[in-house]
Amino acid sequence: ETSKPGNFITQIIDKDNETGKHGGKVLTRFPPEPNGYLHIGHAKSICLNFGLAQRYQGQCNLRFDDTNPEKESVEYIESIKRDVEWLGFEWKDEPKFASDYFGQLYDFAVQLIKAGKAYVCELNAEQMREYRGTLKEPGKNSPFRDRSVEENLAIFEDMKKGKYADGEVVLRAKIDMASPNINLRDPIIYRVRHVHHHQTGDQWCVYPMYDFTHCLSDAIEGVTHSVCTLEFQDHRPLYDWVLATLGTVHPQQIEFARLNLNYTVTSKRKLKQLVDEQHVNGWDDPRMPTISGLRRRGYTALSIRNFCERIGVTKSDSVVDVGMLEHAIREDLDANANRAMAVLNPIKVVLTNYPEGKEEIFTVSNHPKNEAAGQRQVPFSKELYIDAADFAEVPPRKWKRLTLEGAVRLRGGYVITCDEAIKNDAGDVIELHCRYDENTLGVNPEGYKPKGVIHWVSAKHAVDASVNLYDRLFDNEAPDANYEDKTFLDFINPESLTVLTSAKVEPSLLEAEKGQGFQFEREGYFCRDLKEEGLVFNRTVTLRDSWAK
Ligand code: ATP
Ligand code: MG
Ligand code: MG
């Protein structure tokens with residue numbers, strides 16, 4: 001792991017290890033709030049935090065930041081565990097929960113009150129805003145700021161006992177209402193919420209705020225390097241204030257740039273809206289940038305880890321081209337996925353000179369560049385299907401497929417020449433009559449040259465399949481930007497899903513495992529759907545990047 005290139009965070013850790021700052025120990029954590037499914041942005045944080053632990057033979061905790069019970073659920077917790085494991089990482093011991101520390105956090109709050117560093121405030125939300133001031137103007141002290149320690153302790157205890165209604169009182173840290181950093185203007189650290197919690201049930205009706213919880217959870221666990229995204233830079237003084245004031249061990253908060261991808265939305269709130277309003281079919285819809293969606297789309301864990309490594313870790317925000325993510329899976333599947341033939345829009349071909357009732361089996365390799373991938377058997381007979389797009393009666397210039405009187409090679413089979421296109425009353429071609437050249441199995445024909453190679457399946461042996469052609473969910477590069485008259489929902493690509501229900505695939509695909517990836521020759525990379533019982537394939541990515549830049 002140390003052979004991998006470092007970044008500004010590994011430089012900090014290397015230095016800490018030299019000076020012995022954390023006793024040479026590295027303990028990181030990945031701290032999701034269980035209020036949605038993880039997305040590709042979280043993958044960056046996961047790869048970073050677990051990657052640092054691996055690099056330094058340290059450890060990484062999975063900790064659920066569960067201080068907003070209304071928005072959280074056990075379903076989200078389970079999905080997060082599954083996704084982290086699937087990405088290939090192991091957390092230290094059992095998963096941890098901020099709610100495991102509610103008792104300790106309460107005691108820390110009492111300790112702050114006793115030190116004269118926290119007070120109970122009864123300003124309502126609107127007054128609180130008014131007193132807080134603005135970036136340009138300092139705030140004003142709350143009239144409740146100078147309550148006695150005894151009074152604060154008594155009210156805080158009554159808050160815990162349920163004697164106050166939601167929003168009636170809060171506990172605030174006493175820091176500095178004139179601080180240029182608004183986060184330090186007496187931030188709320190506890191609030192009253194009479195709500196059931198998925199882990200602690202009805203034990204608590206006061207819940208600690210994120211900024212108070214996070215630093216102390218880090219300290220309780222003995223985290224050494226608390227890595228988070230840049231928007232928390234302004235919260236670091238508060239992080240440090242809480243730990244210093246309480247005199248705990250002091251993890252170091254380090255901020256890095258979050259992942260932004262073009263053509264993509266990565267905000268749990270917006271992803272949840274896509275799900276709730278049924279713009280997609282659930283959190284694991286293959287068009288979603290969630291880890292579960294990517295998995296169902298056919299992305300491998302390796303490709304996501306490779307992507308995260310390539311984009312690197314920096315301190316300045318930027319937008320990564322989603323083409324880089326697509327490149328990572330294309331690269332993995334090109335190297336590792338078996339090839340197969342699937343005809344997505346079938347049209348029948350009758351080989352007029354092929355003996356009635358005859359069948360052959362061709363042995364073809366599963367991977368052109370990897371012998372170890374082995375071979376498979378592909379049946380051949382008098383009637384075949386090819387893709388309708390591989391025949392043109394009036395071909396455009398440089399046509400490399402089948403046309404009247406033209407010849408093409410069938411992948412792994414014979415060269416055929418088309419004699420006749422049979423049409424229906426509407427004039428659509430419904431069947432092709434062709435001749436095969438029996439001397440061309442693995443041999444070039446004599447005296448003429450086929451125009452190209454096309455894929456096919458034997459009509460008698462082909463298996464019916466359904467194919468979902470997925471494309472980018474948004475057709476705008478920046479669906480998430482601030483537009484005057486539009487929201488991200490206005491940029492949903494109307495062609496993000498095309499369902500083909502009459503595909504014909506080679507029989508070996510009956511054995512495809514759920515989730516297994518393939519290159520369908522000449523069509524793209526596909527995987528068998530993880531959920532559907534029938535033979536359903538999802539397009540993971542096209543063979544080449546077809547999005548114009
Ligand atoms: P969202 O903004 O999507 O709601 P969040 O930051 O609220 O995300 P958390 O569950 O709190 O979601 O995130 C857990 C960890 O993942 C945090 O440390 C957070 O900084 C990190 N993270 C979230 N989004 C990204 C991203 N786009 N790039 C890198 N790290 C991210
Ligand atoms: Mg968060
Ligand atoms: Mg959030």
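Where is the place of A178? A178 sits in the loop between strand 5 (170-173) and strand 6 (188-192). The model is predicted.

**Around A178**

A178 is partly exposed, because its relative accessible area is 45%, which falls between the 20% and 50% cut-offs. Leaving aside residues up to four places away in sequence, A178 touches P138 and R185. R258 is 80 residues from A178 along the chain. The C-alpha atoms of A178 and R258 are separated by 30 Å.

**Helix 12**

Helix 12 covers residues 322-336, 15 residues in total. From first C-alpha to last, helix 12 reaches 22 Å. That is close to the 21 Å expected at 1.5 Å a residue. D321 caps the N-terminal end of helix 12. A side-chain oxygen of D321 lies 2.9 Å from the backbone nitrogen of G323. G323 is itself one of the buried residues of helix 12.

K398 is not a glycine, yet has a positive phi. E405 is not a glycine either, and its phi is also positive. The table sets out the values.

| Residue | Phi | Relative accessible area |
|---|---|---|
| K398 | about 60° | 71% |
| E405 | about 65° | 70% |

Why does E405 count as exposed? E405 counts as exposed because its relative accessibility is 70%, and the cut-off is over 50%. K398 is exposed too, with a relative accessible area of 71%.

Methods. Residues are numbered from 1 along each chain as its sequence is written. Chains are lettered from A and ligands numbered from 1 in the order in which they are written. Side-chain values use heavy atoms; hydrogens and water are left out. Buried means under 20% relative accessible area, exposed over 50%, partly exposed in between (1.4 Å probe, protein chains only). Helices (H or I, at least four residues) and strands (E, at least two) are DSSP runs, numbered from the N terminus. The expected span of a helix is 1.5 Å times one less than its number of residues. A polar contact is a pair of N or O atoms within 3.5 Å; within protein, one must be able to donate a hydrogen and the other to accept it, and residues adjacent in sequence count only if both atoms are side-chain atoms. Contact means heavy atoms within 4.5 Å.
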